[in-house]
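Keep the viewer open beside the text and follow along from one element to the next.

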There are 2 protein chains.
Amino acid sequence: MTNDPLVIFTPSGKRGHFAVGTPILTAARQLGVDLDSVCGGRGICSKCQIAPSYGDFPKHGVTVREGALSEWNAVEDRYKRVRGLKEGRRLGCQATVQGDIVVDVPPESQVHRQVVRKAASARPITMDPATRLVLIEVQEPDMHEPSGDLERVQAALRDQWQIDNVTAGLPILRKLQPALRKGKWQISLALHQPANCKTTQILDVWPGLHEGGLYGMAIDLGSTTIAAHLCDLATGAVLASSGIMNPQIRFGEDLMSRVSYVMMNPGGDVEMTRVVRDAINALAIEIAAEVAVDPTLIVESVIVCNPVMHHLLLGIDPVELGQAPFALATSGSLTLDARDLDFTALNVSARVYLLPCIAGHVGADAAAVALSEEPDKSDDLVLIVDVGTNAEILLGDKTRVLACSSPTGPAFEGAQISAGQRAAPGAIERIEIDPATKTPRFRVIGSDLWSDDPGFAEATASSGITGICGSGIIEAVAEMRMAGLLDPSGLIGSAEQTGTDRCEPTGRTHAYLIHDATDQGGPRITVTQGDIRAIQLAKSALYAGARLLMDQLNVDKVDRVVLAGAFGAHISPKHAMVLGMIPDAPLDKVSSAGNAAGHGARIALCNRGARERIEVTVGHIHKVETAVEPRFQEHFVAANAIPHATAPFPELAAIMTLPVVNFGASGNTGEDGGRRRRRRG
Amino acid sequence: MTNDPLVIFTPSGKRGHFAVGTPILTAARQLGVDLDSVCGGRGICSKCQIAPSYGDFPKHGVTVREGALSEWNAVEDRYKRVRGLKEGRRLGCQATVQGDIVVDVPPESQVHRQVVRKAASARPITMDPATRLVLIEVQEPDMHEPSGDLERVQAALRDQWQIDNVTAGLPILRKLQPALRKGKWQISLALHQPANCKTTQILDVWPGLHEGGLYGMAIDLGSTTIAAHLCDLATGAVLASSGIMNPQIRFGEDLMSRVSYVMMNPGGDVEMTRVVRDAINALAIEIAAEVAVDPTLIVESVIVCNPVMHHLLLGIDPVELGQAPFALATSGSLTLDARDLDFTALNVSARVYLLPCIAGHVGADAAAVALSEEPDKSDDLVLIVDVGTNAEILLGDKTRVLACSSPTGPAFEGAQISAGQRAAPGAIERIEIDPATKTPRFRVIGSDLWSDDPGFAEATASSGITGICGSGIIEAVAEMRMAGLLDPSGLIGSAEQTGTDRCEPTGRTHAYLIHDATDQGGPRITVTQGDIRAIQLAKSALYAGARLLMDQLNVDKVDRVVLAGAFGAHISPKHAMVLGMIPDAPLDKVSSAGNAAGHGARIALCNRGARERIEVTVGHIHKVETAVEPRFQEHFVAANAIPHATAPFPELAAIMTLPVVNFGASGNTGEDGGRRRRRRG
């Protein structure tokens, strides 16, 4: 038995006896308590804040008396004055043990804090980023014991942080000398160490304590949309999210058109590589500016994308992906220098991690969805559909996971839709059509009001009402069906057939008017027969892919469905099911996960172990190749209609009152119908 | 006991029993015999040539009978026809064991063959380069077992070569797909694995068997001269050597002037970095063109240089090196991508290795000299002087090695000399002055004839006689002293004092005429009083540095001296000693090592283990800082005179007949004399 005071940490419960005068930070480190520190106990960074508790703790068997910690000191006083310190907080490196004490480590002082995610179903992320900040004190040079600045930095990291095998690239060697001298031999370093790597790389250096933070960018690089989250690498918080159109669209709207472009124009991939890299640079600058962060403080990026985007981003000819056997140049994960990808907006030493691809048509985006939604840990059979220009579909449970991709085309992202646009302020994202009056009401991105709510005009004055985004067009088509404006084959009825003037003739078919602002010089937003066809093709492809996986598992239904997608608002499960995008399932078992691929990228950004995990997981995912599977075509053709609610799903039947109408003369399904041969994309 | 035939390899003596039908290459591999193969036994590369011996071998206890190897086969026949195969040679992968056999592995079939070096004293280099060529057969992609091309390449390397942890950068990922398909899934890879590295990097890829070779460039980057050797990485042979002026000279002739330039022109280092990188690119292109090698087959380069050149090459501000405590940004060795240094002429994935620096004034060039001359393995006390604009001086034996650098200025490289030039065809490199007639005879680079030999004019017609290089000026000054044209203070006598019209007045001093071609429109080559002063300053600095190290070891003499330097021809030990460049030593103990730093670079290029060795060795070399050592100044001033031969060195006395003359009025040593304050450089 020792007479040294007992120190108990909460919430971990770790405890130990420490000599009087031991700093709380030192005690925490010796016990392996997760207490943050950047400056290593120099009273500079204030990351090691702790909250002492006083009184009787029968549970712990101690009584903590006043004076159990050392007196509030000058360093703490200065901190409280200059930066503020919450009442009851102490600095762990300043407060020393004087008697038995119970010390709480608040979440913001934990390195490996948990970050709660928005999606209800999602597990929290445990922070363990590959890049972290440390402050060191470096020995001054001595001409009689000559050694380089870098070598003394390496020695300091070894002595003060027990970090060995530290490397630095030329940009760091250039900055090190002035930083050391300006910081009076005290510098902050951004250190990068992936989970499976023995070496630690210095990514950046600052004189003294760097207080500007370190940031990471999680990018979901889709065929149509590039979405990015800017994350604080210390807290895991998403500071800003933004998206832009993929400028490669001008070379082809879907993946196969882009591959065809390269086949027809050898070397055409070079230009596509350039524009997508430029776009990511622009996105980084934009997203950082939004929250006044210097983009050169973005030291890491994680990118997920489908295989064609993957190859085009890397500057690899994608033609092999357009023909059997759809061989990837590399399927493994990649850790690259940002400058290799010309990401000049980011930190000059920034690192980029690309998740592994699963197969030639199932990419790092599918891997990211798997990382986010974890089908391989599911007790019940889950179908995960990541809707995009190319849909990623996963089906499985903890015994087995299958994956495929399906060429839905860009309709679900608002492209190839007459009034379509990407999810941005002004885009219609929700829509309801009164089955009696056939009158629509809608909501646009940027306002919570419905179009018939008071104040709607004012609330949307700045953005205007500019078009329909992906989730909006899904709801529009489903609502049109439910309101009897569409027949099961997808044909829009005439004004006579439907009883509303909003169904207006356009050539040989009809269109449904949602919003007309032409009298104010605004747009006229309609859903045309062509739009319906595009959505039908897209949803048939999606449905066919899901069915194909179900065939493989020999099941007719799934226990639950997760709908994900990069486009702004979440997809309404009800409308998705009315439309027949997904196989029937109890409505309360259909959830919306938002941008699951983007979330997966964020997980890999915040937790380096997650990178290792997904690298193993993808090896166990069984790939189904839709392109060579005859049943895919069968399912695709069969899925063209917009179905009724069926008996096993009373929830759906209750909300649907589908009239049995048929607007066509002889089952004609429109100009091009479902018979148009689909190219992959 | 086995009944299997006995296979004995020579020269290694390794032996073992192998089943009938075992290929000799397989037997060699199993026994760890050093038998080369690029294609892994596919009968493609012909690297595994062996020579079977027949008859009685009492020493080995075997009798080898006809038929001990399988019959000469079609693959060998084709090789012999197409490429030629020496009489008695077989391909180790084709010839199989049929009976007891003695197999000789000729030097050219050994991976780790020894390369004999030119310098008499030098040890041979054992070939073990970091980069080697292998051929693999890669599995074709299967869409039902999807994996990337790179992953199947990695699997092939694991299976066929037992090489694991293989990485590839983006340039390789771009080339891999077409190479695999063009080579019908058989490719050659340039694999780079430093000695201390667990991962192997693919540097380049070719369809089928690459027969163009792999090359390395050893570079001695001096303040005045950049010298390069182009080496075959398989054989170690130096295919071409070339040198150019360092274009940084326009920013300052010596190191300190260049550092001063940066101090006066902040950012001026950027331009110096650019020009030296451009020059190395140009040199690579030139040297490769000389032997018709594609410069993109240069996959590795080793660079040695002094610390200021080192920092300027890397783009690091050198100002810290100009002031105490002379702190290096990094002293360790560096392995970089060639593209980080803008070496665009080399292979896009080429690697560059920089030897470690010893201290702020003693650079990687000194480390290279140590690697080449191995003072740390010497039984006797050796002084190694690497003459250049900044001289590197090493003194020691196997118990201790000291090092310093000395700012000699560029005179020894022909700069700051009125008729000086770099060592190139047309430069006077050897000179003799008849003590009786005071007439010179000389040799120029590019011809073995002396100027008074018949045919000299014809032999030098193409180059002309253009100036004097470093070794030439050293001999000229020493010869002038021995011929009585100089007094001990270094003053050139008048025509009257010396008895020759070749001593002609120029202003207040005299010059000695060596060659006059003005009547043919050629140059007039003289040695001026200023030239003598420049050489005196240079040699005093050199001598003072050597003495300083001797003081540290408390010795008055050394056992042997090695003279090295980058400038073309070797320095004549006799003339160096007459001049007083080096402390007195028995003349037969003074040897000339040529470009020892360049040789050190070549060793590091050809043997990756040498890199590890020198990294350890430099840690044990004790650095002496001349800049802050008052005795350096004392030695420097004392060494200004051009000495007599002294008693302990009869060899020198015998060859010297120095007249006791004094051409000055009162010991005046010329315009600026030895009192000019030397800046480091």
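Let us begin with a helix. In H15 of chain A, residues 608-620, the buried residues are A:Arg608, A:Ala610, A:Arg611, A:Ile614, A:Thr617 and A:Val618. A residue is called buried if 20 or more other C-beta atoms lie within 10 Å of its own, exposed if 12 or fewer, and partly exposed in between, with C-beta atoms placed from the backbone. Looking down the axis of H15(A), these buried residues fall within an arc of 165°, so they line one face of the helix; the arc is that of the directions from the helix axis to the C-beta atoms. A:Val616, A:Gly619 and A:His620, on the other side of H15(A), are exposed. The cover over the buried residues of H15(A) includes strand S19 (351-354), helix H8 (364-373), helix H14 (596-606) and strand S31 (621-623) of chain A.

A word on the conventions. This is a predicted model, in which local features need pLDDT of at least 70 and side-chain atom pairs count only at pLDDT 80 or more, while totals for chains, interfaces and linings use all residues. Residues are numbered from 1 along each chain as its sequence is written, and chains are lettered from A and ligands numbered from 1 in the order in which they are written. Helices (H or I, at least four residues) and strands (E, at least two) are DSSP runs, numbered from the N terminus. Two residues are in contact if their C-beta atoms, placed from the backbone, lie within 7 Å.

Helix H1 of chain A (residues 24-31) has A:Ile24, A:Leu25, A:Ala27 and A:Ala28 as its buried residues. They cover an arc of only 160° around the axis, which puts them on the same side of H1(A). Their packing partners are strand S1 (6-10), strand S2 (15-17), strand S3 (49-53) and strand S7 (101-104) of chain A. After H1(A) comes A:Gly32, with a positive phi near 75°.

Now for the sheets. In chain B, six strands make an open sheet with mixed pairing, in the order S30-S29-S20-S21-S22-S31; two strands pair if DSSP finds at least two bridges between them. Strand S30 (590-594) and strand S31 (621-623) of chain B are the edge strands, each pairing on one side only. From one strand to the next, the twist averages 20°. Helix H12 of chain B (residues 529-553) packs on this sheet and touches strand S20 (382-387), strand S21 (391-397) and strand S22 (400-406) of chain B, its direction making about 150° with that of S22(B). Axes here are lines fitted to C-alpha atoms, for helices over the stretch in contact, and angles run from 0 to 180 degrees between N-to-C directions.

Chain A has an open sheet of three strands, ordered S24-S23-S25, again with mixed pairing. Its edges are strand S24 (440-444) and strand S25 (467-468) of chain A, each with a single partner strand, so one side of each is left without a neighbour in the sheet. Helix H10 of chain A (residues 470-482) packs on the sheet, touching S23 and S25 of chain A, and its direction makes about 15° with that of S23(A).

| Strand pair | Sense | Bridges |
|---|---|---|
| S29 (560-565) and S30 of chain B | parallel | four bridges |
| S23 (427-433) and S24 of chain A | antiparallel | five bridges |
| S15 (225-232) and S16 (238-245) of chain B | antiparallel | seven bridges |

Facing residues in these pairs include B:Ala564 opposite B:Gly594 in S30(B), A:Glu432 opposite A:Arg441 in S24(A) and B:Cys231 opposite B:Val238 in S16(B). S15(B) and S16(B) form a hairpin with five residues between them, and B:Gly236 in the turn has a positive phi of about 85°.

Next, a single loop residue. A:Gly208 sits between strand S13 (200-207) and strand S14 (215-221) of chain A. With 15 C-beta neighbours inside 10 Å, A:Gly208 counts as partly exposed. Leaving out residues up to four places away in sequence, A:Gly208 touches A:Gly183, A:Gln186 and A:Ser188.

Finally, the two chains together. In their interface, 35 residues of chain B are in contact with 35 residues of chain A. On the chain B side, helix H3 (149-161) and helix H4 (170-182) each supply at least two residues, and H4(B) gives the largest share, five residues.
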